[in-house]
Amino acid sequence: QVQLVESGGGLVQAGASLRLSCAVSGRTVSAYFMGWFRQAPGKEREFVARINWSGDSTRYAESVKGRFTVSRDNAKSTVYLQMNSLKSDDTAVYFCAARTPYEALYKYWGQGTQVTVSS
């Protein structure tokens, strides 16, 4: 089993920055691809970013490319999402998730952290 706990959400003004953290426990974090997803009120959950096990491969949704950066510190068993130039459209609950490189679906999910961007 893998446990994921997000933190770092909050209320900020448009244009501000936030860094989300996802603490991973239960298994060797370096074995997993880590992803960030978000779900806004009334909308489906959507992919935001993901990072491979070594941290040298990342992928982003077009809506956040150039503003968000995903990174990981396997020694600290933590994955980060640096969010800059936040917009009101970024308001959502943000979730981190984990999957093995051999699976298409993310098997483990955190409880989410709320990010609210006021315009």
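Which residue does a disulfide join to Cys-22? I looked it up: the partner is Cys-96, with S to S at 2.0 Å.

**Ground rules.** I am working on a predicted model, where local features need pLDDT of at least 70, side-chain atom pairs count only at pLDDT 80 or more, and totals for chains, interfaces and linings use all residues. Residues are numbered from 1 along each chain as its sequence is written, and side-chain values use heavy atoms, with hydrogens and water left out.

**Disulfide.** I counted disulfides (cysteine sulfur atoms within 2.5 Å) and found one in the structure. Cys-22 sits in strand E3 (residues 18–25) and Cys-96 in strand E9 (residues 92–99). The pair links distant parts of the chain, 74 residues apart. Strands here are DSSP runs of at least two residues, labelled E and numbered from the N terminus. I then checked the torsion about the S-S bond: it is about 55°, so the disulfide is right-handed. Both cysteines are buried. Buried means under 20% relative accessible area, exposed over 50%, partly exposed in between, with a 1.4 Å probe and protein chains only.

**Core.** Next I looked at the largest nonpolar core, which has 30 residues. Such a core is a set of buried Ala, Val, Leu, Ile, Met, Phe, Trp, Tyr and Cys residues joined through side-chain atoms within 4.5 Å. Leu-4, Met-34, Trp-36, Leu-81, Met-83 and Tyr-94 touch the most other members. Strands supplying at least two core residues each include E3, E4 (33–39), E5 (46–51) and E11 (113–118).

**Sheet.** I traced an open sheet of four strands, in the order E1-E3-E8-E7, with antiparallel pairing. Two strands pair if DSSP finds at least two bridges between them. E1 (3–7) and E7 stand at the edges with a single partner strand each, so one side of each has no neighbour in the sheet. Neighbouring strands are turned by 15° against each other on average, direction ignored. The axes are lines fitted to C-alpha atoms, and angles run from 0 to 180 degrees between N-to-C directions. E7 and E8 pair over six bridges. Asp-73 has Thr-78, in E8, as its bridge partner.

**Rings.** How many aromatic pairs does a search of the whole structure find? I get five. Rings of Phe, Tyr and Trp (its six-membered ring) pair if their centres lie within 6.5 Å; planes under 30 degrees apart count as stacked, over 60 as edge-to-face and the rest as tilted. Tyr-32 and Tyr-108 are edge-to-face, at 6.1 Å centre to centre and 85° between the planes. Tyr-32 lies in the loop between E3 and E4 and Tyr-108 in strand E10 (residues 108–109), so the pair ties together parts 76 residues apart in sequence. Both Tyr-32 and Tyr-108 are buried.

I also noted a cluster: ring pairs link Phe-37, Phe-47, Tyr-106 and Trp-109. Arg-45 lies over the face of Trp-109, 3.8 Å from the ring centre. The charged end of Arg-99 sits over the ring of Tyr-106, 5.3 Å from its centre. For this, NZ of Lys or CZ of Arg must be within 6 Å of the ring centre and within 35 degrees of the ring normal.

**Backbone.** Most residues other than glycine have a negative phi. Ser-77, in the loop between E7 and E8, has a positive phi near 50°. Ser-77 counts as partly exposed at 22% relative accessibility. Ser-85 lies in the loop between E8 and E9, and its phi is positive, about 50°. At 42% relative accessibility, Ser-85 is partly exposed.
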